[in-house]
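Okay, thanks for coming, everyone. Let's bring the model up on the screen and walk through it together.

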Amino acid sequence: MSCINTSFTSITPTSVPSPKLRGSRFAFSSKSRSPILCSLRGTIAEPKETSVAEPLLLNAVRGIDVERPPVWLMRQAGRYMKSYQIICEKYPSFRERSENVDLVVEISLQPWNVFKPDGVILFSDILTPLPGMNIPFDIVKGKGPVIFDPIHTAAQVDQVREFVPGDSVPYVGEALKILRKEVDNKAAVLGFVGAPFTLASYVVEGGSSKHFSKIKRLAFSEPEILHSLLKKFTTSMARYIQYQADSGAQAVQIFDSWATELSPADFEEFSLPYLKQIVDTVKETHPQLPLILYASGSGGLLERLALTGVDVVSLDWTVDMADGRKRLGPNIAVQGNVDPGVLFGSKEFITRRINDTVNKAGKGKHILNLGHGIRVGTPEENVAHFFEVAKGIRY
C-alpha cells in the first residue's frame with residue numbers, strides 16, 4: 001500500500017510536517033483540508049467512512065472499520081499544562097480540585113479545548129471513593145496519598161462501608177453529564193476506577209509504597225482479612241463503574257497499578273478473580289460499555305489480564321506492541337504504548353516512535369496512547385505534535 005497527500009498546507013510554528021517513513025505501512029501528514037489517499041494495487045481509495053453516531057474510540061474498540069487509531073493520553077489533564085498550573089495556584093488542594101463540579105469539568109476539558117483528543121477522561125482520582133467507604137484520606141503535595149488509619153485487622157475491615165456513588169460522590173455524576181454535553185459525541189467521555197488490589201494496597205500500606213511489605217504480610221499471613229477487604233472494593237467499584245456509565249461515561253478504564261507487584265500465582269488469587277467479578281457484574285447491566293484495564297509493568301501478566309474479560313488491555317512501554325498484540329490474541333483491543341519520555345525528544349523522534357507503535361499494533365482495535373501518564377515538565381508543544389501526527393495517520 002502506498003499513500004500520498006493530495007495537498008500541501010502550512011503548519012504552525014510549533015510543529016513540523018510528519019515524515020512519511022520509508023517502509024511504513026501508514027502515512028502521516030500535517031493538518032490538511034484534503035485527505036491522504038492510499039493506493040492499493042494501483043487503485044486509489046478514499047478513507048473509509050465510519051459511524052458518525054459513535055465516537056471513533058468506541059468504533060475502534062468494537063472492531064468497526066476506522067480510518068485511523070483513536071488517540072488520547074493518560075494524565076492528559078493536568079501536570080504539564082500551564083492552564084492547569086494556574087488553577088493549582090488558586091486551588092492548592094487536589095481534593096478540592098477533584099471534588100468540585102465546575103473545576104472537574106474545566107480541568108477535564110483543558111486538553112480537549114487545545115488538542116481535541118479522541119478520549120476525554122474525567123479529572124478525578126482512584127482514591128476518590130474512599131471517604132464514602134469510611135476510609136479517610138488526603139493527597140498531600142510532594143508526598144501523595146495519605147491514609148489516616150491504615151487497615152490491618154478484621155475489625156477495621158468490618159468498618160469499611162460499601163460505596164454508594166450517588167450519595168458519596170454526586171459531583172462525579174454531575175461532571176460526567178456536563179462533559180457529555182460539552183464534548184457532544186465528538187470524542188468518547190471516559191471514566192475510571194481503581195482495581196480492588198490496588199485500592200487495598202493504598203489503604204493497607206497507608207499510602208504509596210516501594211516494597212508493598214505490609215499488604216504482602218497481610219496477604220500471606222492473614223489472607224482472609226485481605227479477601228474480605230477485596231470483596232468490599234469489588235462490589236463498590238462495580239457499582240461505581242455502573243454509576244459513571246449511567247452518568248455519561250462511554251468507556252471506563254480500570255487501574256490496577258500495583259497488581260504487578262504480585263507473582264503470577266498471587267495475582268490469580270488476589271487480583272484476577274476480583275477484576276473478573278467486576279467485569280461480569282458491569283457487563284450484566286452495561287454489555288456495550290467498553291472496559292479498559294491498565295496495569296503498569298504487566299509484561300509478565302498479559303495473558304492473565306486478558307482472562308478478566310475486559311475489552312481493552314493497555315500496555316506499558318516495556319512491552320513490545322507487536323509481542324503484546326500476539327500474546328493477547330485478535331479478540332481483544334490494545335491501548336498504548338509510547339514511552340512518556342519520548343515526549344521530551346525531538347518532533348522527528350516523536351513521529352518515528354508513533355509510527356513504530358502503530359505499525360506494530362496493526363490495523364484496527366488499537367487506541368494510541370502512552371504506556372503511562374504524561375510526565376511533569378513535558379513540553380506542551382510536543383504534546384501538540386503528538387496529537388497532530390497521531391490524527392494524521394491513515395491506515
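Before anything else, one term: a residue counts as buried when its relative accessible area is under 20%. And keep in mind that this is a predicted model.

So, take Tyr240. With a relative accessible area of 2%, Tyr240 is buried. Phe163 is buried too, at 0%. The structure holds nine aromatic pairs, and these two rings make one of them: their centres are 5.1 Å apart and the planes stand at 90°, so we call the pair edge-to-face. Phe163 sits in the loop between helix 5 and helix 6, while Tyr240 belongs to helix 10, so the pair ties together parts 77 residues apart in sequence.

Next, Phe212 and Trp258. That pair is tilted, with 5.1 Å centre to centre and 50° between the planes. Phe212 is buried at 2%, whereas Trp258 is partly exposed at 23%. There's also a cluster, where ring pairs link Tyr84, Phe94 and Phe123.

What order do the strands take? It's an open sheet of seven, running 4-7-8-9-10-11-12, with parallel pairing. Strands 4 and 12 stand at the edges with a single partner each, so one side of each has no neighbour in the sheet. From one strand to the next, the twist averages 25°. And back to helix 10: it packs on this sheet, touching strands 7, 8 and 9, and its direction makes about 165° with that of strand 7.

Notes
Residues numbered from 1 in each chain as written. Predicted model: local features only at pLDDT ≥ 70, side-chain atom pairs only at ≥ 80, totals over all residues. Heavy atoms only, no water. Pairing = 2+ DSSP bridges. Helix = DSSP H or I, 4+ residues; strand = E, 2+ residues; numbered from the N terminus. Axes fitted to C-alpha atoms, helices over the stretch in contact; angles between N-to-C directions. Contact = heavy atoms within 4.5 Å. Phe/Tyr/Trp six-rings, centres within 6.5 Å; stacked < 30°, edge-to-face > 60°. Buried < 20%, exposed > 50% of the residue type's maximum accessible area, 1.4 Å probe, protein only.
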